[in-house]
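Please open the model in your viewer and keep the selection tool at hand. The tour below moves from one selection to the next and says what is there at each stop.

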Amino acid sequence: MKLATTRVSPRPAFAAQRGMMAGIVLLVGFWVWGGLAAEELPPSSSVTPELFATGFAFAEGPAFDVQGNLYAVNYRELGTIGRITPDGTASIWCDLKKASPVEGRKVQANGLKIDSEGRLIAADAGGGRVLRISSDGRQVEVLADRCEGVRFNSINDVALDRLGNIFFTDSGTSSADNSVGAIYRYDIGTKKTMRLAGGLAYPKGIGVTPDQQHLCVGESAQYRLLIFPLDAAAGQVGEPRVLIDFPQQTHDGVLDGKFAPDGFVFDAIGRLYVAMWLAGVINVVDVASGTIVRQYNAGGEQATNCHFHGTYLYTTVAAKEAVFRLKLGVKGHEYWGHRSLGGEIGQAAIDVKE
């Protein structure tokens, strides 16, 4: 069913930007990418979030394909995946409740990524599965729903390496006092799933660094990011270290507190853009030094995830049932192996009504 589309002008940000973090070194990383100068990014206070799309029951998992289509979960209702085309047409692209139901569970996708063939890789949090959805949204394949015979609990987010292997987090029922979360790898060649690490306190976001040498994981209940040495050929990780402990007190005009990191994405030169749940900001982390170099207003509280397209960073904000975008003037890491078309979706904020 094709839905009607409402096109309106972009709206200003909901809140003023906070100032940038200065001179706080939290932990030194283990490798250096050249040219990670913070000056390449606009000042924190100069970026105003633009409301881009509304109508999400719980906005999460933004991802763009090379044609410039934006995908985000829970469009209009829980359990769906919505698509917004470059001309601004929005619709329910795939209803997982109908296309791939799970008995006894409420199917609901969370994090999303696009693979090299234009298919959508989805973390099905409700169904406890990793899904691959055809480029037309009609075919849903279950890639993994268990490891060594044990069913996954709640898959939170997914990431790809340059070969197409899938890394994902299972946060399950874990917490700071019950660290039973884990991370896994699905081998695209053998179609086997391997448990990489456990004992994590609610792991959420996950990502392979652009140089393919490390795996970053957000340990949300500990308010920090972990970084694992990654042996890409063997598909294994070494012992992790803390990349950054996020500050838990507001200071120097930068909003901090007990705000859990959620989904994140890398830019083309390896900086991390981390959606901070409840804080409503995006923390930009220089991975080489383990420092926050910028903090941008995500558009509202309950920032869940983000994804680059063109020179914009798109953010999902659950509290606003919306997608926002930030004009940062930098491009994202092309994790899927395709060369981006680099186009921008039209200047519309979209609220589709049936």
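**Stops along the charged pairs**

Begin by selecting Asp-187 and Arg-185, which form a salt bridge whose closest N and O atoms lie 3.2 Å apart. Both Asp-187 and Arg-185 are buried. Bear in mind throughout that this is a predicted model.

Next, select Arg-224 together with Glu-219, a salt bridge in which the closest N and O atoms are 2.7 Å apart.

Now move to Glu-141 and Arg-132, where another salt bridge has its closest N and O atoms 2.9 Å apart. Glu-141 counts as partly exposed because its relative accessibility is 36%, while Arg-132, at 13% relative accessibility, counts as buried. The count of salt bridges comes to 13.

Finally, select the whole protein and colour it by secondary structure, which shows one helix and 29 strands. Of the 354 residues, 58% are buried, and the protein exposes about 13800 Å², with carbon and sulfur atoms supplying 49% of that area. If you display contacts between residues at least 6 apart in sequence, 52% of them join residues at least 24 apart.

Key: Residues numbered from 1 in each chain as written. Predicted model: local features only at pLDDT ≥ 70, side-chain atom pairs only at ≥ 80, totals over all residues. Heavy atoms only, no water. Helix = DSSP H or I, 4+ residues; strand = E, 2+ residues; numbered from the N terminus. Buried < 20%, exposed > 50% of the residue type's maximum accessible area, 1.4 Å probe, protein only. Contact = heavy atoms within 4.5 Å. Areas by Shrake-Rupley, 256 points an atom, 1.4 Å probe, with all protein chains shown as cover. Salt bridge = Lys/Arg side-chain N within 4 Å of Asp/Glu carboxyl O.
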